[in-house]
Amino acid sequence: MRFPYQHYEIPASPVDGSTDLYRPEIPLHLIGESDELFLFGLLDTGADGVVIGRGIAATIGAALDETVRWTLRGLNSRPLEAVLGRIDIEVMDGRESATWRMPVAVVTFDDPQHEDIVLLGQTGFLQFFDMRFLGSQHAVELVPNASFPGA
């Protein structure tokens with residue numbers, strides 16, 4: 001599967017003056033016990049697992065296990081309390097699709113504007129794909145590998 005990066009116009013970067021930003025965000029279909037959402041998730045090779053906001057989890061009716069809790073720490077961020085959730089996910093590029101059930105860390109972000117963020121990290125997502133980031137083409141290729149658990 002091949003996905004174009006998502007393009008954002010930003011104020012001029014202090015690093016290189018660019019006003020264009022490209023992120024490896026891919027379209028997702030998240031399915032819970034009561035509803036579903038179509039949105040974009042950021043491929044995050046530095047994240048240990050998949051992180052979704054509590055708002056997304058509530059909207060789709062993610063299966064939560066409130067007895068499993070831990071603390072997440074990101075780069076320069078305050079600690080976030082996480083609870084274990086499980087959702088079904090479908091990734092599709094218009095020609096192919098992949099579907100499976102995955103564990104997620106459900107967090108409440110300090111800033112409500114972040115509630116629609118989905119970070120796609122190692123456990124539950126990236127581990128199941130061989131990937132190529134094509135920076136010059138602003139695209140990423142995902143190929144399910146032998147450990148892929150779904151269809």
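1. Two strands pair if DSSP finds at least two bridges between them. Helices (H or I, at least four residues) and strands (E, at least two) are DSSP runs, numbered from the N terminus. On these terms, β1 (residues 2-4) and β12 (residues 139-144) pair in the antiparallel sense over three bridges. Arginine 2 stands opposite glutamate 141 in β12.

2. This is a predicted model, in which local features need pLDDT of at least 70 and side-chain atom pairs count only at pLDDT 80 or more, while totals for chains, interfaces and linings use all residues. Residues are numbered from 1 along each chain as its sequence is written, and side-chain values use heavy atoms, with hydrogens and water left out.

3. β12 also pairs with β11 (residues 129-134), in the antiparallel sense and over six bridges. Here methionine 131 faces leucine 142 of β12. Four residues lie between the strands of this hairpin, and histidine 138 takes a positive phi near 50° in it.

4. β4 and β5 form an antiparallel pair with seven bridges, and a hairpin of four residues joins them. Isoleucine 26 has glycine 41 in β5 as its bridge partner. β5 also runs parallel to β10, with two bridges between them; in that pair leucine 43 stands opposite leucine 120 of β10.

5. A nonpolar core is a set of buried Ala, Val, Leu, Ile, Met, Phe, Trp, Tyr and Cys residues joined through side-chain atoms within 4.5 Å, where buried means under 20% relative accessible area (1.4 Å probe, protein chains only). The largest such core has 32 residues, and those with the most contacts inside it are Ile26, Leu28, Leu30, Val91, Trp100 and Phe125. At least two residues of this core come from each of β4 (25-31), β5, α1 (54-60), β8, β9, β10 and β12. β9 gives the most, with five residues.

6. What does leucine 28 touch, not counting residues up to four places away in sequence? With contact taken as heavy atoms within 4.5 Å, its partners include Leu37, Phe38, Leu39, Phe40 and Gly41, as well as Ile89, Glu90, Val91, Met92, Val118 and Leu120. A second, separate core has six residues, among them Val51, Leu80, Ala82 and Ala105.

7. On a 1 Å grid over the protein atoms alone, a pocket is an open set of points where a 1.4 Å probe fits, with protein on both sides within 12 Å along at least five of seven lines; lining residues have an atom within 4 Å of a point. Grid points are joined across faces, edges and corners, and a volume is the space filled by probe spheres set on the points. The largest pocket has a volume of about 730 Å³. Its lining has 26 residues, with Val51, Leu72, Gly74, Leu80 and Leu119 nearest the centre. The elements giving two or more residues to this lining are β7 (63-72), β8 (80-92) and β9 (97-107), and β9 gives the most, with three residues.

8. The second largest pocket holds about 170 Å³ of space. Residues lining this pocket include Tyr8, Arg23, Glu25, Asp116 and Ile117. β5 (36-43) and β10 (118-120) each supply at least two lining residues, and the largest share, three residues, comes from β5.

9. For residue classes, Ala, Val, Leu, Ile, Met, Phe, Trp, Tyr, Cys and Pro count as nonpolar, Asp, Glu, Lys and Arg as charged, and the others, Gly among them, as polar. The lining of the largest pocket divides into 14 nonpolar, six polar and six charged residues. For the second largest pocket, the lining has seven nonpolar, no polar and three charged residues.

Definitions and conventions. Buried < 20%, exposed > 50% of the residue type's maximum accessible area, 1.4 Å probe, protein only.
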